[in-house]
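Reader: I have just opened this structure and would like to understand the words used to describe it. Could you take me through them?

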Amino acid sequence: MTPKEEFIEIYTKYITRNGADELLEWLKRTDFFTAPASTKYHCACEGGLVMHSVSVFNTMMEKHYDEETDNIESFAICGLLHDLCKAQFYKVSSRNVKNEQTGAWEKVPYYAIDDQFPYGHGEKSVFLIERKMHLKIDEAMAIRWHMGEFGDKNSNSISLAYERYPLAVKLHLADLESTYLKEKGTSAVNK
C-alpha cells in the first residue's frame with residue numbers, strides 16, 4: 001500500500017464528522033500527496049508530506065493512544081493533518097552544484113519554499129482545516145502547537161497548551177519521533 005492509499009484508508013475509516021469528505025476532496029486537488037515534508041531534511045522527496053503524516057499518526061497510535069481516554073478520530077485528524085500548511089508550499093527549483101568527481105558544475109533539482117499564504121505553520125493548518133471541517137478545541141491546540149519551541153517561541157502559551165491539552169503533547173512527541181528517528185535518511189536531497 002502506498003502512503004497515499006494508507007492516508008486515505010485511515011482518513012475515511014476514522015474521520016467521519018461533517019466536512020471531512022469535502023476536506024479530503026480539497027486535499028486531492030492540491031499537491032498534498034506529492035509534496036515533500038521539508039526542503040532538505042526529513043521526507044524531502046516526492047510524496048514525503050503524506051509519508052510523514054501517516055508516520056505521525058502511526059506513532060501516535062503506537063506510543064500514546066489510550067482507549068479509555070483518547071479519541072481515535074482526534075488522533076487521525078491531528079496525525080494526518082497537522083502539516084496541512086505544507087500543501088501548496090514547496091516548488092521544485094534547480095541550482096548549480098559542483099560535481100566532486102569531475103569538477104564540473106551541474107544543475108540539480110531541489111525543493112524551494114514558495115509560500116502563497118504566509119499565515120504561520122500550526123495556525124495555518126488549523127485555519128485551512130477549519131475552512132472545511134470544524135475542529136475540537138484540543139485538536140486545534142494540538143495542531144497549532146505541534147512544533148513546540150521549533151516554531152513560535154512563545155513559551156508561556158506552549159506550556160499552557162501542553163498542560164491543558166494532553167493531545168497537544170502526544171502530537172508533538174509523535175511528530176518529533178517521526179521526524180528525527182523514524183524518517184532519518186528519507187531525504188532525496190543532499191543537504
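Author: Gladly. Phenylalanine 7 lies in helix H1, where helices are DSSP runs of H or I with at least four residues, strands are E runs of at least two, and both are numbered from the N terminus. This is a predicted model, in which local features need pLDDT of at least 70, side-chain atom pairs count only at pLDDT 80 or more, and totals for chains, interfaces and linings use all residues. Residues are numbered from 1 along each chain as its sequence is written, and side-chain values use heavy atoms, with hydrogens and water left out.

Reader: What makes phenylalanine 7 buried?

Author: Buried means under 20% relative accessible area, exposed means over 50%, and partly exposed is in between, using a 1.4 Å probe and protein chains only. Phenylalanine 7 has a relative accessible area of 0%, so it is buried.

Reader: Which residues is phenylalanine 7 in contact with, leaving aside neighbours within four places in sequence?

Author: Contact means heavy atoms within 4.5 Å. The partners of phenylalanine 7 are Leu24, Leu27, Phe32, Phe33, Val50, Ser53, Val54, Leu80 and Leu81. Take serine 53: it is 46 residues from phenylalanine 7 in sequence, yet their C-alpha atoms are 7.8 Å apart in space.

Reader: Why is the pair of phenylalanine 7 and phenylalanine 33 called edge-to-face?

Author: Rings of Phe, Tyr and Trp (its six-membered ring) pair if their centres lie within 6.5 Å; planes under 30 degrees apart count as stacked, over 60 as edge-to-face and the rest as tilted. By this rule the count comes to 10 aromatic pairs. For phenylalanine 7 and phenylalanine 33, the centres are 5.3 Å apart and the planes are at 80 degrees, so the pair is edge-to-face. Phenylalanine 33 is in the loop between H2 and H3 and phenylalanine 7 in helix H1, so the pair ties together parts 26 residues apart in sequence. The rings of phenylalanine 32 and phenylalanine 33 are also edge-to-face, because their centres are 5.2 Å apart and their planes at 85 degrees. One aromatic cluster is formed by Phe7, Tyr11, Phe32 and Phe33.

Reader: What makes phenylalanine 33 count as buried?

Author: Its relative accessibility is 9%, so phenylalanine 33 falls in the buried class. Phenylalanine 32 is buried too, because its value is 0%.

Reader: Which residues touch the most other members of the largest nonpolar core?

Author: A nonpolar core is a set of buried Ala, Val, Leu, Ile, Met, Phe, Trp, Tyr and Cys residues joined through side-chain atoms within 4.5 Å. The largest one has 41 residues, and Phe7, Tyr11, Phe32, Leu80 and Leu81 touch the most other members. Among the helices that each supply at least two residues of this core are helix H1 (3–14) and helix H8 (166–182).

Reader: Why does tyrosine 180 count as partly exposed?

Author: Tyrosine 180 lies in helix H8. Its relative accessibility is 49%, so tyrosine 180 counts as partly exposed.

Reader: How do you know that cysteine 43 is buried?

Author: Cysteine 43 lies in the loop between H2 and H3, and it counts as buried because its relative accessibility is 0%. Its phi is near 50 degrees, a positive value in a residue other than glycine. Most residues other than glycine have a negative phi.
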